[in-house]
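Keep the model open beside you as you read.

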Amino acid sequence: MTMSVTRIRKNIQDLSLWAVLAQDLYTLQGQLLLAKGTVLKPYLVDKLMASGITEVYLEESREQESPAERQKSKLEGAFRVGQVIVSDVIEQVRDGRPINSDDLKEAVEILYPEVIASTNIFTQLLKLRSKDAYTAQHSIAVGAIGVKICQLMGLAEDKAKMVGMAGVMHDIGKVRLPDAVLNKPYDLNSQEWEQMKKHPQYGYEILKTMKDIAPEIQLAVLQHHERLDGSGYPLGFTAEKIHLFSRILAVSDSFDAMTTERVYHPPRSIFEASKELMAQAYRNQLDIKIVIRFVDYLLDMSPGQKVLLNTGEIAEVILPNKAEPTRPLVQVGEVFFNLEHTRDLWIDSLITS
Ligand SMILES: [Fe+2]
């Protein structure tokens with residue numbers, strides 16, 4: 001079954017928060033009030049009421065979805081809400097306004113159950129990405145993957161939500177970087193790189209000004225680029241000083257950056273990303289216990305995944321290879337190839353649609 005979106009008419013009194021507007025709304029004077037596609041945050045509902053609007057059309061998913069599709073659309077809803085909230089927070093910090101931590105907590109509350117219920121978070125997140133709004137999408141994805149790692153490691157809900165919050169906020173300090181550094185995602189000269197390395201410290205300082213943010217969350221934001229061997233930044237801490245949440249965030253952040261398309265690199269497949277995460281764990285940069293749990297999960301989810309081989313053929317992953325993640329057993333038509341032994345064949349990219 002396919003999911004489609006329909007319009008439903010709703011009385012403004014019965015609006016559920018975070019619903020998506022299915023029409024442009026105008027004031028009596030003909031000025032655009034809210035555009036189609038706007039997520040109705042609480043203050044926007046107040047704005048509608050104040051404008052005397054009594055009914056609106058909203059987008060609503062049709063009921064005849066399969067359970068998997070329903071879960072996917074709920075995750076998508078949570079992802080979109082998170083994106084709106086993070087974009088708002090970025091603007092608040094940029095304008096020097098105080099951040100509303102309630103909105104952020106709400107984003108994590110909405111995201112948490114969907115991430116826990118999702119079986120294949122990576123593939124689902126990949127389908128929700130668009131080329132715009134990288135920062136907000138990356139922030140939400142790092143939070144969501146962080147929550148999934150906590151679940152894989154058996155951490156309690158309150159801890160997983162702290163990691164989710166830290167993930168959503170991990171790069172907020174970049175708001176304080178000069179545009180010249182921010183808009184230059186690669187090829188930074190040494191002076192620019194020194195500035196870039198301050199963003200975790202800036203993020204920590206921003207979070208310290210917010211009330212009701214647990215110290216562990218502040219610490220995880222400060223330490224998300226620290227590495228166990230002391231090679232990270234901003235403080236070059238080694239393993240004994242790096243908190244578990246910071247280690248989880250380091251894996252989640254690295255993985256999401258690797259698998260997302262950027263101007264300076266194409267998206268890496270889960271197989272290449274797994275290999276790279278393992279390599280960084282072997283170098284004692286990332287925590288090997290966290291990496292093994294996460295890579296196991298990614299590879300366990302991979303059978304059935306369609307991939308493009310270097311020959312241009314489409315293959316399906318049949319059996320993952322945990323010793324050499326980029327070389328699983330695959331099937332092309334009726335033929336099986338064990339990529340571990342067929343070295344002239346390799347996976348070029350994932351087929352995600
Ligand atoms: Fe960062």
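Start at Val317, which stands opposite Val330 in strand S8. Before going on, note that this is a predicted model, where local features need pLDDT of at least 70, side-chain atom pairs count only at pLDDT 80 or more, and totals for chains, interfaces and linings use all residues. Residues are numbered from 1 along each chain as its sequence is written.

Two strands count as paired if DSSP finds at least two bridges between them.

Going back to S7, you'll find another antiparallel neighbour: strand S6 (residues 306–309), joined to S7 over three bridges. Lys306 has Glu316 in S7 as its bridge partner. The hairpin of S6 and S7 has four residues between the strands, and in this hairpin Gly312 takes a positive phi near 90°.

Time to zoom out. The protein chain splits into domain 1 (5–61), domain 2 (67–300) and domain 3 (306–350), with bounds that come from an automatic or database domain assignment. How far apart do the C-alpha centres of domain 2 and domain 3 lie? They are 30 Å apart. Ten residues of domain 2 are in contact with seven of domain 3, contact meaning that the C-beta atoms, placed from the backbone, lie within 7 Å. On the domain 2 side, helix H12 (270–282) and helix H13 (288–300) are the elements that give two or more residues. H12 supplies the largest share, five residues.

What about the inside? The largest nonpolar core has 69 residues, and Ala144, Val163, Ala166 and Val251 have the most contacts inside it. Such a core is a set of buried Ala, Val, Leu, Ile, Met, Phe, Trp, Tyr and Cys residues joined through C-beta atoms within 7 Å. A residue is buried if 20 or more other C-beta atoms, placed from the backbone, lie within 10 Å of its own. Domain 2 and domain 3 both give residues to this core, so it lies between them. Leaving out residues up to four places away in sequence, Val251 touches Ile149, Leu277, Leu286, Ile290, Val291 and Phe294.

Helix H10 (residues 215–223) is worth a look too. Its buried residues are Ile217, Ala220, Val221, Leu222 and Gln223, and what covers them includes helix H6 (157–169), helix H9 (199–208) and helix H11 (244–259).

Finally, the whole chain. It has 13 helices and ten strands. Its radius of gyration, taken over C-alpha atoms, is 22 Å, close to the 20 Å that the globule rule gives for 353 residues, so the chain is as compact as a globular protein of that length; the rule is 2.2 Å times the number of residues to the power 0.38. Buried residues make up 34% of the 353.

Methods: A residue is buried if 20 or more other C-beta atoms lie within 10 Å of its own, exposed if 12 or fewer, and partly exposed in between; C-beta atoms are placed from the backbone. Two residues are in contact if their C-beta atoms, placed from the backbone, lie within 7 Å.
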